[in-house]
Structures are given as C-alpha cells and as structure tokens.
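Visitor: I would like to go through this entry by question and answer. Please show the sequence and the structure before we start.

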Amino acid sequence: MRVRVASALSLTAITVLALPACSAETTKAEPSTASSARTGKPAGTGQSTAPLESAALEKRLVDESDLGSGYLRKPEPPSQHDDVTVVGCPALNELGGDAATGGSLDFPRQAKATFTYTGGSNSEMSEELYSNTADKLSDGIGQIFDAMTGCPTYQVISGSTTINVASQKVTTPQLGDEQWSQLLTFSAGGQDTVVKQTAIRDGSVLLVVSGSPALVDRHLGKALTKAAATS
C-alpha cells in the first residue's frame, strides 16, 4: 500500500536529497538507546502565551551573525508540488487523510531559513519556526515524529527517484517544554546522507532544526534562545 506524504518534516528531509553529495554529512548514524523521540511536559500545561504572527517568527530566526563565519543563507526555493510517496511504513500509512498530507503541521504562522556552511565541508542546516497553541503544536509535531520513527526502514519515491530511508530515535537535550529528535539515513545511487531533525516546543513556539548532525547539535541552543525570546 502507498500513501502520499507531504509533511513539513518529510519534505525538509527529502530536500536534502537534491543537494550535491558533499553538501551533507555522509557518515553512518550510530545506534541510539533512546526509548522515545518525545520528552518533556504534556502539551498545554501552564502555557498561556498567545501564538505569534509569521512576521514576529521571522525576526526570531537565526542569521549569519548568530551562526558565525562560514554560513550563508540560501534563498528559499519556489514551492514544488511533486508527488511524494512512502512505501513500506505502516506507521505512516495509518496517518492517512489530512495528517498524511501534512495537515497537522500546516500552521499559517511560520518562518524558515536555510544556511550553507562552507567551513571545512559544504553542509546545510535549516530552521523552521511555527506558532500556535501549545496543544496543537505538540499534537502536530508528535504525530509526524511518531510516524517517521515508527518504521526502522522504508522507501520514499519522489518523482522518478527511489530513496531507501532508515530512521531512529535519538536522545534530545532537555530544552523547552517538549523535545523530539531523530536521525534519518537516506540511501540513493550508492550515496548515504545522514540528516538529524530536532524539534523543541517552548510555549506557543515550535522550533525544528534539520540538517547535518554536527550543525544541528552546534546551533540548537542558540536557535532556541532566539526563538523563545520574550522581547
């Protein structure tokens, strides 16, 4: 059975496949002993912060001055509507409907930035910010992460390209109110590409950082500090 998937997270990962082979780390992901991709408080506990507008989120994205030398922000590509199909993952199949087509993370209040790092290796990192009520953010991101990590291996078909995907949950720094993290290994044309995706909900703001594992780990803290700023 096939299910069409166009979630924000899956498309972020698939975008990496269009990059040159040198643009992301290609080391094998180490096994993790983490039991869950989600940690933290239940959604909506003690949070009364009103959702932010997209313009406010845009100001909270990291920029080159935050990241340091060697980083260049890339122009956002035009929207693409190619069909993306997932094969062999019951967890994704079970989503179905709006959830399987990205409805859960189709929040109108959002901002995104992608950076290329040329300091030593041509890697990339993207940051996405969403804002909504705490429970909606938690449910949306949790559903997608649970589905994507619910299968150790599956295939993604994008246009005429078939990619083998291996997913695994990994431990996440105890930041914000809730955290999710995973490693995805994409294999196509004899090339393995490892992508780390970490999401942190802090009140009514959801931060998702994706890309080279080293870059995600290096900049996650500063991205959250800026995303969760109160002024």
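Guide: One cut-off is needed at the outset: a residue is buried if its relative accessible area is under 20%, exposed if over 50%, and partly exposed in between. Note also that this is a predicted model.

Visitor: Is threonine 149 buried or exposed?
Guide: Threonine 149 sits in the loop between α6 (134-148) and β7 (153-158). Its relative accessibility is 10%. The cut-off for burial is under 20%, so threonine 149 counts as buried.

Visitor: Which side chain makes a polar contact of 2.7 Å with that of serine 187?
Guide: Serine 187 is found in strand β9 (residues 178-188). Not counting residues up to four places away in sequence, it touches Thr162, Ile163, Asn164 and Asp192. Threonine 162 is 25 residues away in sequence, with 8.9 Å from C-alpha to C-alpha. The side chain joined to serine 187 by the 2.7 Å polar contact is that of aspartate 192.

Visitor: What is the accessibility class of serine 187?
Guide: The relative accessible area of serine 187 is 22%. Values between the limits of 20% and 50% fall in the middle class, so serine 187 is partly exposed.

Visitor: How many aromatic pairs are there, and what is the geometry of phenylalanine 107 with tyrosine 130?
Guide: The structure holds 2 aromatic pairs. In the pair of phenylalanine 107 and tyrosine 130, the ring centres are 6.2 Å apart and the planes meet at 70°. Planes over 60 degrees apart count as edge-to-face, so this pair is edge-to-face.

Visitor: How many residues apart are the two partners of that pair?
Guide: Phenylalanine 107 is in the loop between α5 (97-100) and β5 (110-117), whereas tyrosine 130 is in strand β6 (residues 123-131). Phenylalanine 107 is buried at 8% relative accessibility, and tyrosine 130 is buried at 3%. The pair links distant parts of the chain, 23 residues apart.

Visitor: Which residue lies over the face of tyrosine 117?
Guide: The distance from the ring centre of tyrosine 117 is 5.6 Å. The residue over that face is arginine 218.

Visitor: Which element supplies the largest share of the largest nonpolar core?
Guide: This core has 22 residues, and those with the most contacts inside it are Phe115, Leu129, Leu207 and Val209. β5, β6, β11 (205-211) and α7 (213-227) each supply at least two residues. The largest share, 6 residues, comes from α7.

Visitor: How many residues are in the other core, which lies apart from it?
Guide: Val86, Cys89, Met148 and Phe186 are among its members. This other core has 14 residues.

Visitor: What share of the chain is buried?
Guide: The chain contains 7 helices and 11 strands. It exposes about 10800 Å², of which carbon and sulfur atoms supply 51%. Of its 231 residues, the buried ones make up 46%.

Visitor: Among contacts between residues at least 6 apart in sequence, what share joins residues at least 24 apart?
Guide: For the chain, that share is 70%.

Note on methods: Residues are numbered from 1 along each chain as its sequence is written. This is a predicted model: local features need pLDDT of at least 70, side-chain atom pairs count only at pLDDT 80 or more; totals for chains, interfaces and linings use all residues. Side-chain values use heavy atoms; hydrogens and water are left out. Rings of Phe, Tyr and Trp (its six-membered ring) pair if their centres lie within 6.5 Å; planes under 30 degrees apart count as stacked, over 60 as edge-to-face and the rest as tilted. Helices (H or I, at least four residues) and strands (E, at least two) are DSSP runs, numbered from the N terminus. Buried means under 20% relative accessible area, exposed over 50%, partly exposed in between (1.4 Å probe, protein chains only). A charge sits over a ring if NZ of Lys or CZ of Arg is within 6 Å of the ring centre and within 35 degrees of the ring normal. Contact means heavy atoms within 4.5 Å. Accessible areas come from the Shrake-Rupley method with a 1.4 Å probe; for residues, only the protein chains shown count as cover. A nonpolar core is a set of buried Ala, Val, Leu, Ile, Met, Phe, Trp, Tyr and Cys residues joined through side-chain atoms within 4.5 Å. A polar contact is a pair of N or O atoms within 3.5 Å; within protein, one must be able to donate a hydrogen and the other to accept it, and residues adjacent in sequence count only if both atoms are side-chain atoms.
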